[in-house]
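This briefing is written for a reader who wishes to see how the chains of an assembly meet. Please consult the sequence and the structure displayed here before reading on.

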Protein chains: 8
Amino acid sequence: MPDGFTDIGFAKVDTDRRARCGFAEVIFGQGKTPAQVAAIARIILDKEHTLIVSRATPEQHAAVHAEHPDALWHEAARCITIERQKLPALPGTVAIVCAGTSDLPVADEAAVTLHLFGAKVQRITDVGVAGIHRLLAVRDTLEAATVIIVVAGMEGALPSAVAGLVSRPVIAVPTSIGYGASFGGLAALLGMLNSCGSGVTVVNIDNGFGAAYAAAQILKVGSPS
Amino acid sequence: MPDGFTDIGFAKVDTDRRARCGFAEVIFGQGKTPAQVAAIARIILDKEHTLIVSRATPEQHAAVHAEHPDALWHEAARCITIERQKLPALPGTVAIVCAGTSDLPVADEAAVTLHLFGAKVQRITDVGVAGIHRLLAVRDTLEAATVIIVVAGMEGALPSAVAGLVSRPVIAVPTSIGYGASFGGLAALLGMLNSCGSGVTVVNIDNGFGAAYAAAQILKVGSPS
Amino acid sequence: MPDGFTDIGFAKVDTDRRARCGFAEVIFGQGKTPAQVAAIARIILDKEHTLIVSRATPEQHAAVHAEHPDALWHEAARCITIERQKLPALPGTVAIVCAGTSDLPVADEAAVTLHLFGAKVQRITDVGVAGIHRLLAVRDTLEAATVIIVVAGMEGALPSAVAGLVSRPVIAVPTSIGYGASFGGLAALLGMLNSCGSGVTVVNIDNGFGAAYAAAQILKVGSPS
Amino acid sequence: MPDGFTDIGFAKVDTDRRARCGFAEVIFGQGKTPAQVAAIARIILDKEHTLIVSRATPEQHAAVHAEHPDALWHEAARCITIERQKLPALPGTVAIVCAGTSDLPVADEAAVTLHLFGAKVQRITDVGVAGIHRLLAVRDTLEAATVIIVVAGMEGALPSAVAGLVSRPVIAVPTSIGYGASFGGLAALLGMLNSCGSGVTVVNIDNGFGAAYAAAQILKVGSPS
Amino acid sequence: MPDGFTDIGFAKVDTDRRARCGFAEVIFGQGKTPAQVAAIARIILDKEHTLIVSRATPEQHAAVHAEHPDALWHEAARCITIERQKLPALPGTVAIVCAGTSDLPVADEAAVTLHLFGAKVQRITDVGVAGIHRLLAVRDTLEAATVIIVVAGMEGALPSAVAGLVSRPVIAVPTSIGYGASFGGLAALLGMLNSCGSGVTVVNIDNGFGAAYAAAQILKVGSPS
Amino acid sequence: MPDGFTDIGFAKVDTDRRARCGFAEVIFGQGKTPAQVAAIARIILDKEHTLIVSRATPEQHAAVHAEHPDALWHEAARCITIERQKLPALPGTVAIVCAGTSDLPVADEAAVTLHLFGAKVQRITDVGVAGIHRLLAVRDTLEAATVIIVVAGMEGALPSAVAGLVSRPVIAVPTSIGYGASFGGLAALLGMLNSCGSGVTVVNIDNGFGAAYAAAQILKVGSPS
Amino acid sequence: MPDGFTDIGFAKVDTDRRARCGFAEVIFGQGKTPAQVAAIARIILDKEHTLIVSRATPEQHAAVHAEHPDALWHEAARCITIERQKLPALPGTVAIVCAGTSDLPVADEAAVTLHLFGAKVQRITDVGVAGIHRLLAVRDTLEAATVIIVVAGMEGALPSAVAGLVSRPVIAVPTSIGYGASFGGLAALLGMLNSCGSGVTVVNIDNGFGAAYAAAQILKVGSPS
Amino acid sequence: MPDGFTDIGFAKVDTDRRARCGFAEVIFGQGKTPAQVAAIARIILDKEHTLIVSRATPEQHAAVHAEHPDALWHEAARCITIERQKLPALPGTVAIVCAGTSDLPVADEAAVTLHLFGAKVQRITDVGVAGIHRLLAVRDTLEAATVIIVVAGMEGALPSAVAGLVSRPVIAVPTSIGYGASFGGLAALLGMLNSCGSGVTVVNIDNGFGAAYAAAQILKVGSPS
């Protein structure tokens, strides 16, 4: 049972996560000091060729970058990534569909994650249900994907429409885009959980990373292994 | 200023409501005893040829029917109506669109109300966004209507799709159809309030009557008077 | 079926929205970069003579203004507008009624939108129910309007009082004015959804634009066409 | 310090409450067995000439009535009362104002309590803000009262209107009348807490008893003592 | 019927409020520009000798002070007041009781208001239920008051304890002091609404002004008039 | 574009759903009359060899069974199924993991659905995190599955623990098992949405059907197609 | 590592719970069939001399009683217990303090559990903060206890007062006693979480069992072992 | 009855708290001015050798430090402490267990408090349930503790896992770490309240101090006295 870890006092870095779960440990940046992020990154990079820090800050990036000049900063996605060697390519394609332009940062977080994980990504943007012909126009592209991530704020209706059009797994990501009775993304979240489109699954508000991770796990279902 | 009323102790019946607001007072059945409903009905029928009791019970209908054998009971819509003389026909048509079969009782309440108010009604049922081609198939009918009432539970996405297809006022009615994170219709309500379809207005959960009343007021905008 | 759009990567601009819905696409500013807003504006202005960006920022205005010196900035309403040619005048009048002076920015957003859409607007301010005689004093003005938009924060009681006085469609806009148990406008929103004034319809908190759009759709009901 | 009590195991009956607080202990019926209510009643009646059990059940009444045949059952108000000797009359009058007929049971609870406490009560029913002329018609009666209890469900707007008309303390009681986004009286409660009518104070949803108790305490401010 | 007002476009100043309600109109500062506050103040001061602006900002004070050098700024209470002539003294005393030192700003708002209204105020601070002996030590002072305002954050338990000790009207003010599951004062608000101390009435979170206004109305019940 | 439907008035049966989405339309029983369910079933069975009605009632089963004696009733799962011919077997296995015995009905709904869809199911029950060794004991079984559905009420912690052990897609189903601050499954739902186990996706409370549908879509990713 | 369990298909009975956690597995009755409860009980009683089923139903008791005639039914506490041999006595005493008579069923659940676990229990009932002298009268009894469980509904203020009087661990149990804005015990829960009495810890609404379990764990801290 | 206090106007410092409750009064910094904190500190230090100010600001520390140069500032824990003489050592050990590195500041607040109270502390960090082997690795350390404080954000699942492993009192502290549907720690709070691990008790979100205080009270149960 590959269950080791490295204890550095303020963290027990789970160095066998990739063996168990398929992907190495990802650093969740929120609430950590830049020094803590840098120290955890150091441990992970001892064993891994890639690194991802989600919900990161520019200060955290600076701390990591000081030690690892190949650490990239993804402004919109708020991610730090390092890719020293490509992970094996995953089969199939993930379509990342956005209801509106304002939802792009969350979609970017998903895309950055998937690229690092070795997945092929197909981006489709601004196909909200208030102009449903824009969605119908990309129907074939959707059906051609292996998994579909649908990112939407406001009423979060897009996943229902997508799920009704195609025979692919649909992962819905509510975003905090909206105001008033959007309640920080709650309206979109509830909408997606109550989707009349069968088989839609949902992740946390603005959690592009989580959707990407789930999509990558699904892609592996199609692996020859 | 037509502001009279008849005081019967437990109620001050607003006998000039029609002069002020265009329609006579409607009895809200919830929380009233059958005897109270019957007494208020008596006062209204002294001056009016029509009566509507919303959120009514079979017991309230029995009490009214005992005095007024022409009092009809609308099971699904939970309404009592009396129509002794048709109200003047309102111009135009109201389309009542339902996302699913389960939303029909709320749509029925709207339809019963509109018929009594003299409006022409066009019913369209089961065109939820998970099978969007069913909605596109009725696009011309929608555009032909003067006002559109859209009734939907679960994620409440249908009004956004309708509002993006047509140039008509859209009144959205969330229903309590759903379970779990539907929270009694809250998900549909929030979805409709956050609609990305411009100009959608919303009434209370399951409030088919309110949507009908608003639609009737809009029809009158088209009156020659 | 007039369902074209222009794909510029981060947006699919819905260039046939006016043909379908009666008004051209409106840019929702929140969450978009100034460059994105400017780019979308460019596409819209290729086909349209008017432009409106709601929930905009001064930075977005600067970006649009740099290309289009006729782009106006409406500080209180947080809107950018361009009007190169007046849209055809809509019949009737929209009364915009405010409960208090603090609700004015939301009313301004509604007014800016309606002016651009070719509607006549009648403003009435500070007639909250705690001094109901101020409302009664404008009763004739209200009845003379074709549609009434009622803007109110705190307990959101004004739409009920207005709906009980007149025979016009009433669109209620809750505002986030208040504190404590106002919960960012939730109290006003719930108050309006539960209005005892028949036929009140409601839009999202602070959504002056949405109310204006709905009012304009209603005005068109009265058009000779 | 008059702080005695009688301990009967499952209750410590506060026999000096009247000395401290002005009124004897009131039994809160909810969640108590009929036998428990009867036992507590016995202790209280040892020292007092009056008794009130709020939120009572018919079974609790039966148990009390078996021992005290003068125990009355107030169906709508869900109260048990015994009055063997009138309490000293309180100065002034309490107006109990109801928005609608459906709010009557809560108003009844307030009235039953006030009568027992020796207060004069003036009932005014069905003066909701959707027919504001009905409220204006009773303006003099309101101003003639010493304290005003306003009972309203749905959007709970009536207290604001009353507080803006008179110079009397206004106690607002939200009721659970309504449906959907009324959320069991939450909408009315929030509306009243955010009232633009200065000086409105609020009690719990459906708490007619609490409003009556507070009103009685206020009446005593006017006592010569 | 003393129902005049002065219309200055963005406000209809209710110049007969004092005749109707006993106190002149109070300006609610939130959401108003300094210029708007100054203009409304000007109208009120034409007829009144006192002025109060609640929820004010230093900028609003500067604008009022520029025209009226006797305008005072109450930092903690966030109020502007002007007092050119004392209002007639109200009979009795209002005790303002605070659970903790952190609740003082809200108590200050109540005190500033009451002083201006001509009421005598007795301040008692830091007598929270976690050291109940501190409350018992001031029991006589509490009983000597005519009305008691109880200000408390966190769990809001103090009003229940006070109401169980005395025979005076108790007005509870929840404050936003607390964190986590205090949810901005919601915990204290709900606690007070569910008080087991009979007759406690409640105002909005942090609403010291409203409590003071209600207390002043109650004091007038004791007036000889 | 296979977008046909059969219009029977109260429903537009989506007869091409299988062509588009991979599985035929499923009847959502809630809120439909037995007659409506039977009528929709008739249309579907014209084209399909299998039928599933979710959220069904015994009355609805009786109505369907009267016409189709092969209609089975799944008591715990509240489903009606008909299987006249097996659907093609899906590759792989779905593990359905339950935190506790009380969560079984929701797991049953998932299992019934998957069996009908042609999926192989592996059931694991009562491995909640309060006895984590029970989960570790089935670790190999979990890793051997293609997709894992995790059903849990109360705090909903099981999906996090499972996701940290294996490299498979994890679909979490919160259940309404619990009381008090479980708020009908809300606690479990929020827990799962905030899972620290990367890649967990979530469906609505008690939505075993939805989880099964999503799992079946994922199984198809592994199809040789 | 004592981590065995017995797998009976619908349950994995954790037969080493007592070795790990100090007490044998407790059956949570909610959502289980009588047959399931009986089967699990059978496994537990193979190794243990005591049994407790919480949140049980009379039907579950009947099923257990049929096999084990010494199974007791605790009506108010909704528990089934079997005690064939007394567990070793725990040192010290647990005081179970109730705010009101209506909270007794929850206190009973705690008492039944503690008795079975070998703890000495001291009951104190009806000492809510609205008659604080009743609490002060039992101060010595409270201080003499080792741990104090405080059970209260409505505003849940009692734990704060108790924690301020004594130097003992205080475990607070909110109850669902109350109505309206009590929201099923939410008000009491939030009150207790925000207690100004230092060191109060809280369990779920109506969770007398959980409080008893925690108290028993604390008693063991005082054990000589 | 040791119930003295020192009244300094804006505070009644509870100088006998230690005699009653075991620990001297702790200053709650939130909402107090630096001068107020310094003044209260002065009173407490007249009688005590230790001081703690929780939820403090650097400005408050500066004010206290100016008078007491031995006042320490704990950045992460946001506490001020003074320790002029060690308090008597408490028996046993408190384990403070963190789910993730981001939860450390809350754990620090608990540790600072416990050190000052004379308790021995054992820190364990980053053992969240998504890598459960890290928790199993410290099982012996956990069992060796007298009390266990478990600090966790996001879904708050760690306390359930810990409570299922050991026979020690478990105090759970939800943190506000998370985003979206974490709702500021609400998800973790609800998760912990619904823990399937028997006997878990919970304190307010981010309330490390409260957990420490409760743990210290429990340690005293093991005192020889």
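This is a predicted model: local features need pLDDT of at least 70, side-chain atom pairs count only at pLDDT 80 or more; totals for chains, interfaces and linings use all residues.

Residues are numbered from 1 along each chain as its sequence is written, chains are lettered from A and ligands numbered from 1 in the order in which they are written, and side-chain values use heavy atoms, with hydrogens and water left out.

**Chain E and chain D**

- Chain E is superposed on chain D by a rotation of 180° with 0.0 Å of shift along its axis, at an RMSD of 0.0 Å; the two copies are thus related as by a two-fold rotation axis.
- Such superpositions are made by least squares on the C-alpha atoms of residues with pLDDT of at least 70 in both copies.
- The residue of chain E that comes closest to this rotation axis is E:Gly222, with its C-alpha at 2.1 Å.
- Of the area that chain E buries against chain D, 20% comes from E:Arg139, E:Leu193 and E:Val221, more than from any other three residues.

**Chain D and chain G**

- A rotation of 90° with 0.0 Å of shift along its axis brings chain D onto chain G, with an RMSD of 0.0 Å; that is the relation of a four-fold axis.
- D:Phe183 is the residue of chain D that comes closest to the rotation axis, its C-alpha being at 7.2 Å.
- In this interface, 25 residues of chain D contact 21 residues of chain G.
- The buried area is about 1,700 Å², with 57% given by carbon and sulfur atoms.
- On the side of chain D, the residues that lose the most area to chain G are D:Lys12, D:Phe28 and D:Gln30, which together make up 30% of what that side buries.

- Chain D does not touch chain A, the nearest C-alpha atoms being 13 Å apart.
- Chain D does not touch chain F either, with the nearest C-alpha atoms 14 Å apart.

**The largest pocket**

- The largest pocket holds about 1,400 Å³ of space. On a 1 Å grid over the protein atoms alone, a pocket is an open set of points where a 1.4 Å probe fits, with protein on both sides within 12 Å along at least five of seven lines. Grid points are joined across faces, edges and corners, and the volume is the space filled by probe spheres set on them.
- Its lining, meaning residues with an atom within 4 Å of a point, consists of 31 residues, and those nearest the centre are A:Leu186, B:Leu186, C:Leu186, F:Leu186 and H:Leu186.
- The lining comprises 31 nonpolar, no polar and no charged residues. Here Ala, Val, Leu, Ile, Met, Phe, Trp, Tyr, Cys and Pro count as nonpolar, Asp, Glu, Lys and Arg as charged, and the others, Gly among them, as polar.

**Salt bridges**

- Over all chains there are 96 salt bridges, each a side-chain nitrogen of Lys or Arg within 4 Å of a carboxyl oxygen of Asp or Glu.
- The count is 0 between chain E and chain D, and 0 across the interface of chain D and chain G.

Definitions and conventions: Buried area is the accessible area (1.4 Å probe) that two parts lose on being put together, summed over both. Contact means heavy atoms within 4.5 Å.
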